[in-house]
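Here are some notes to read alongside the model. Please keep the sequence and the 3D view open as you go through the points.

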Amino acid sequence: MIRRALGSVVRITAVNLLTLPQRVGPSLVVVVGIAGVVGVLVSVLAMADGFRHTLASTGRSGRVIMLRAGSDAEMSSGIGREQAALLAGLPGIARDAAGRPLATAELVVMVDLPRHGQSHPNNVPFRGVGPAAFDIRDEVKIVEGRRFARGVREVMVGRRASAEFAGVGVGSRIAFRDSDWTVVGVFESGGDVHESEIWADAEVAASAFRRATYQSLTATLADGSDAGLAALTDLVARDRRLSVSVQREPEYYARQSRTLSWLIEVLGYTVAVFMAVGATFGALNCMYMAVASRQVEIATLRAIGFGGFPVVVSVMIEALLLASLGGAIGGGLAYVYCDGATLSTLNFNTFSQVAFAFRVTPGLLARGFVWALIIGIAGGLLPALRAATLPVTVALRTG
């Protein structure tokens, strides 16, 4: 019985597929419509995933960032110089071979820079770092030029900031707060958020921007385990001179990405839903046309003994094949044109520009393909049921 049903499905499906060349136009409507839905959905989600990955990949689990208690971002934080010295000297902070604490007290301000080919200014993070910054962040590598010198107005620019913003090439001079700074190097840090920043000596930056305090202190843990972090957090909590929160770097930066990632995903799914509705109606129209054009064939097959089930399955297979083709094309185009493409956008948590790359991952492609199959099912089910339930006499007479 099962073998007979499967044989009927194969034969009817073969007939359906052999007649596809006669319905190229309607079939292309389905394929193109679904490809558009999948392409847009995957592209927008790739933007959200790239932004989230850029921030979440920042930092190492063996490092902590300390902010003023109650602050959720560096821009709203403040750590006095005495507090910074106390924090750096805590027993839970690692030290280098010379016995110096691996901690860097840093300040972050926003400076205005236009993108290449534009004149409108954008908020770019300007980070003043301490002497231990490069020992702590060993992922930072100079790719052009050199490090800035201590005590002078020199800066290094992140690789993505250099590619995105104008006037920050090595050798350029840029003006911030009535002071001129010389760009002496370009650095990379594994594609994380620091590549969207400009770095300078913290003391020179504090003087130029008239800052008496720091925003944060980043340090390497002597014991990177949860127990080591808990011990350091307890020391900070018990010192009444300190009102500081301690958190691992990856956790802090991951939280910075949540708001914008959520907004981008909501936008992507909203647009995809509207487009999917249109693609579903296109699929319905195409499959109804396919059923109508083969109404006599289907009625004849049913009259000679083929059941309704093989007819339903054969129409659904055709719809799913067209949907799969559209999903594959849409996902492929998204991968070719979006994967690795760079973009700069505003991080709502810090109100600064973050440059990042789109990430078209296998998971996103699979998600887009599932959407294509859902549209195919929605567009093929009603025509399939109509083909299987239309009375044979009516089908032969109207055909």
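1. Terms and ground rules. Contact means heavy atoms within 4.5 Å. Helices (H or I, at least four residues) and strands (E, at least two) are DSSP runs, numbered from the N terminus. The model is predicted: local features need pLDDT of at least 70, side-chain atom pairs count only at pLDDT 80 or more, and totals for chains, interfaces and linings use all residues. Residues are numbered from 1 along each chain as its sequence is written, and side-chain values use heavy atoms, with hydrogens and water left out.

2. Helix H3, buried side. H3 spans residues 81-88, and its buried residues are Gln83, Ala84, Leu87 and Ala88. Buried means under 20% relative accessible area, exposed over 50%, and partly exposed in between (1.4 Å probe, protein chains only). Seen down the axis of H3, the buried residues fall within an arc of 130°, so they line one face of the helix. The arc is taken from the directions from the helix axis to the C-beta atoms. An α-helix has 3.6 residues a turn, so residues three or four places apart point the same way.

3. What do the buried residues of H3 pack against? Three strands are on the list: S1 (63-68), S2 (103-114) and S9 (216-220). Helix H7 (226-238) and strand S10 (244-248) are on it too. The face turned away from the buried side carries exposed Glu82 and Ala85.

4. Arg81 and Glu203. These two form a salt bridge, with the closest N and O atoms 3.2 Å apart. The pair links distant parts of the chain: Arg81 is in helix H3, Glu203 is in helix H6 (residues 202-208), and they are 122 residues apart. A salt bridge here is a side-chain nitrogen of Lys or Arg within 4 Å of a carboxyl oxygen of Asp or Glu. Arg81 is partly exposed at 36% relative accessible area. Glu203 is partly exposed at 42%.

5. Asp226 and Arg248. Their side chains meet in a salt bridge of 3.0 Å, N to O. Asp226 lies in helix H7 and Arg248 in strand S10, so the bridge ties together parts 22 residues apart in sequence. Arg248 is buried, at 8%.

6. Other salt bridges. How many does a search of the whole structure find? The total is 20. One of them joins Asp96 to Arg100, the closest N and O atoms being 3.2 Å apart. Asp96 is partly exposed at 22%, and Arg100 is exposed at 52%. Glu74, Glu106, Arg127, Arg137 and Glu197 are linked in a salt-bridge network.

7. Arg160. This residue sits in helix H5 (residues 159-164). Arg160 is buried, with a relative accessible area of 14%. A polar atom of its side chain lies 3.0 Å from the backbone oxygen of Gly191. Leaving out residues up to four places away in sequence, Arg160 touches Thr54, Gly191, Glu195, Ala355, Phe356 and Ala357.

8. A nonpolar surface patch. Leu325, Ile329, Leu333, Tyr335, Val336 and Tyr337 form it, with about 640 Å² of accessible area together. Patches take residues with over 30% relative accessible area and no salt bridge; like charges are joined within 9 Å, nonpolar side chains (Val, Leu, Ile, Met, Phe, Trp, Tyr) within 5 Å. Accessible areas come from the Shrake-Rupley method with a 1.4 Å probe; for residues, only the protein chains shown count as cover. Leu325 is in helix H11 (residues 308-338) and is partly exposed at 44%.

Key: A polar contact is a pair of N or O atoms within 3.5 Å; within protein, one must be able to donate a hydrogen and the other to accept it, and residues adjacent in sequence count only if both atoms are side-chain atoms.
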